[in-house]
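Here is a short note for a colleague opening this entry for the first time. The points below start with the surface and then turn to single residues and pairs.

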Amino acid sequence: MGKLTDKVAVVTGGGRGIGKAIAHRFAAEGAKVAVVSRSESSCQSAADEINQAFPDSAKAFAIDVADTEATIAAGKLILEAFGKVDILVNNAGVTRDQLALRMTEEDWDVVLDTNLKGAFNCVKAFQRSLLKAGGARIINISSVVGLMGNPGQANYAASKAGLLGLTKALAKEFAARKVTVNAVAPGFIATDMTAELNDAQKETIIKNVPLGVLGSPDDIASATLFLASSEASYITGQVLTVDGGMVM
């Protein structure tokens, strides 16, 4: 028996990187997974890969979580497909990096609408099922940038800090129904985004990581799995940093 046997999980931003690793790990532990991504090709490819390893474990759903009406409508399709949702992982995120003095309104809105409003939209889409599930889990993937800030990422830092406030507020609101709400704050993780950095930039980043290496998507998947499992049933409203020691 896996840690998530008979559970249904929704993972946004599940088409690649951290979200894909989380979806794959959940399926390995017995969950049925709705792999959500804005790109149909991305989420379908991830779902196909998961199903090759764990047959009939994943279904793909192309959703722009920043679009409230589209998210609510897609939520109904997911509930029809799986019958319930026990676990919601809000991982969908984008960046539009720029110094605050040069940042446009569009740069701000796109990042906040996807990273923060998108999480709220997904909670609204699945809240009834989560509140009925008994022992349901909401896990928001934030960032150490939301804890300590970062030059050129005022929009991203604000969105990720906002997720932490949302996490704590929902944890208090949903506690009476035994729904736990927690956040994971990754540090610098080796993904498509960090792959675009040059060697000098990577070296500078690693100098600020006490463990001296970048993390992997699997590191975040492991932390998320713990919070999604019964082992974390008495943990709510918390932020788990997975950052090699950057934030102490």
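1. Surface. The protein exposes about 11,900 Å², an area from the Shrake-Rupley method with a 1.4 Å probe, where for residues only the protein chains shown count as cover.

2. Basis. This is a predicted model: local features need pLDDT of at least 70, side-chain atom pairs count only at pLDDT 80 or more, and totals for chains, interfaces and linings use all residues. Residues are numbered from 1 along each chain as its sequence is written, and side-chain values use heavy atoms, with hydrogens and water left out.

3. Overall form. The protein has 9 helices and 7 strands; these are DSSP runs, with helices (H or I) of at least four residues and strands (E) of at least two, numbered from the N terminus. The C-alpha atoms fill a box of roughly 45 × 35 × 35 Å along the principal axes.

4. Burial. Of the 248 residues, 47% count as buried. Buried means under 20% relative accessible area, exposed over 50%, and partly exposed in between (1.4 Å probe, protein chains only).

5. A158. Look for this residue in helix α6 (residues 154-174). A158 is partly exposed, at 29% relative accessibility. Leaving aside residues up to four places away in sequence, A158 touches W108 and L112; contact means heavy atoms within 4.5 Å.

6. Salt bridges. How many salt bridges does the structure hold? There are 5, each a side-chain nitrogen of Lys or Arg within 4 Å of a carboxyl oxygen of Asp or Glu. One of them joins E49 and K20, with the closest N and O atoms 2.9 Å apart. That pair links distant parts of the chain: E49 sits in helix α2 (residues 40-53) and K20 in helix α1 (residues 17-28), 29 residues apart. E49 is partly exposed at 36%, and K20 is partly exposed at 24%.

7. D86 and K84. These side chains meet in a salt bridge (3.2 Å, N to O). D86 is buried at 4% relative accessibility, whereas K84 is partly exposed at 32%.

8. R96. E106 forms a salt bridge with R96, the closest N and O atoms being 4.0 Å apart. Salt bridges with shared partners join R96, E106 and D107 into one network.
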